[in-house]
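Q: I have a structure open in my viewer and would like to learn how to read its features. Could you walk me through it, giving the idea each time and then the case at hand?

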Amino acid sequence: MLAGGGADQVVVVDNGSSDDSAAVLRRELPGVTIVERTTNGGFAAGANAGIRHADADVVVLLNNDAVPAPGFVSALRQHLGRAGADVAAVTGRIVLAGRWARLPADAPADPDRRELRDHDGIRWTPSDGGDTRLNSTGVRVDRVGNGMDRDWLAPSDRAADVEVFGFSGGASALRRTALDDVGLLDESLFMYYEDTELAWRLRRRGWRVEHAADAVVEHDHSASSGVASDLFVFRNARNRLVVALWHAGWPTVLRAAARTGVRGLRGLVSPGTRREARLVLAAFADVAGHLPRHLVRRAHEAHRASVPRRSVDPGA
């Protein structure tokens, strides 16, 4: 995390590590503010700890598995300085680390091969003969409540619109006045969708998000958790439904619930997807079991919003 203002301040959050990371950082980077958390509270808790220790009017978030290109921070800050006063956040251009090649549709599954799927279901794998692909140019939300990386696995030189629904928490700049208005990242989400949820709150208070194409980072996607891990599958399914329930219109909520339930039940039929299906159904059950609490949160968000839900919800 980097904080911008009169003078730059770098804040590194050690989010409950069990090794000597904090000691190494203090020794190697004496001018950096090190914040140690005794437990791993997830991405939101770690980022919030850094934000609270940063004394600046602009806060730049950067993931531990992302490497910024030269000029990354200045590009974000200059964009935000030129933007309208209603722009709360600027999201960078995130490029996937390495080179990627498209797998043939009939390529057999290989548990030892790393794969990513694009929004059309096409599989991609690391390859020296491949090309560079995009991870994100911001976050978009579809009509069933999915928060997803815009331009995921698109060619790295694709041009993207400046206006975007939300920012990526792994490479973005946020205006302190906007955070003071709506609050920080929601720590109950632990990991995944916390940036999308904050974008919902910002937009429902009249703030906007823009994309800066010249603020570039290289990202080792899901290096911390893995896209097939239990944590990833459960938290993505749960938080997708929770965020829709808190913020989206009822048609979007119902579509999100139906999609989650059908995905879980359908996955039970095939031996190869039963583990994932059980995790998805567990996520559905978790949300249903805490429904009264989520409805209270929905009412709270509606009360403090200044922009109608239907004006923000992409699925409306």
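Q: How many nonpolar, polar and charged residues does the lining of the largest cavity have?

A: Happy to start there, and please keep in mind that this is a predicted model. To read a lining, sort its residues by class. Here the largest cavity is lined by four nonpolar residues, three polar ones and one charged one. By name, the lining is made of G145, G147, Y193, T196, W200, R240, V243 and A244.

Q: What volume does the largest cavity have, and how many cavities of 30 Å³ or more does the structure hold?

A: The volume of the largest cavity is about 30 Å³. The structure holds one cavity of 30 Å³ or more.

Q: Let's go to the nonpolar cores. How many residues does the largest one have, and which residues have the most contacts inside it?

A: The largest nonpolar core has 20 residues, and F165 and W200 have the most contacts inside it. Helix 5 (194-203), helix 6 (230-247) and helix 7 (250-267) each supply at least two residues of this core. Helix 6 gives the most, with seven residues.

Q: What does F165 touch beyond its neighbours in sequence?

A: Setting aside residues up to four places away in sequence, F165 touches V139, R140, V141, T196, A199, W200, R203, V209, V312 and P314. A second, separate core has 18 residues, including A44, L61, A88 and V164.

Q: Now a single residue. Where is S136, and is it buried or exposed?

A: Start with the element, then the accessibility. S136 sits in strand 10, which spans residues 134-136. S136 counts as buried because its relative accessible area is 0%, and the cut-off for buried is under 20%.

Q: Which side chain does S136 meet in a polar contact, and what else does S136 touch?

A: The side chains of S136 and D149 are joined by a polar contact of 3.2 Å. Leaving out residues up to four places away in sequence, S136 touches G92, R93, I94, D149, R150 and S168.

Q: How do I compare separation in sequence with separation in space? How far apart are F72 and D220?

A: F72 and D220 are 148 residues apart in sequence and 17 Å apart in space, C-alpha to C-alpha. F72 belongs to helix 3, residues 72-82, and is buried at 2% relative accessibility. Not counting residues up to four places away in sequence, F72 touches V60, L62, A171, S172, A215, V216 and V217.

Q: And how far apart are A22 and I34?

A: A22 and I34 are 12 residues apart in sequence, with 7.0 Å between their C-alpha atoms. A22 is in helix 1, residues 21-28, and is buried, at a relative accessible area of 5%. Beyond residues up to four places away in sequence, A22 touches D14, I34 and E36.

Q: Why is F190 called partly exposed, and why does Y192 count as buried?

A: The relative accessible area of F190 is 21%, so F190 is partly exposed. Y192 counts as buried because its relative accessibility is 16%. The cut-off that separates the two cases is 20%.

Definitions and conventions: Residues numbered from 1 in each chain as written. Predicted model: local features only at pLDDT ≥ 70, side-chain atom pairs only at ≥ 80, totals over all residues. Heavy atoms only, no water. Helix = DSSP H or I, 4+ residues; strand = E, 2+ residues; numbered from the N terminus. Buried < 20%, exposed > 50% of the residue type's maximum accessible area, 1.4 Å probe, protein only. Polar contact = N/O pair within 3.5 Å; in protein donor to acceptor, adjacent residues only side chain to side chain. Contact = heavy atoms within 4.5 Å. Core = buried A, V, L, I, M, F, W, Y, C linked by side-chain atoms within 4.5 Å. 1 Å grid on protein atoms, 1.4 Å probe; cavity = no way out; pocket = protein on both sides within 12 Å on 5 of 7 lines; lining within 4 Å. Points joined across faces, edges and corners; volume = space filled by probe spheres on them. Nonpolar A, V, L, I, M, F, W, Y, C, P; charged D, E, K, R; others polar.
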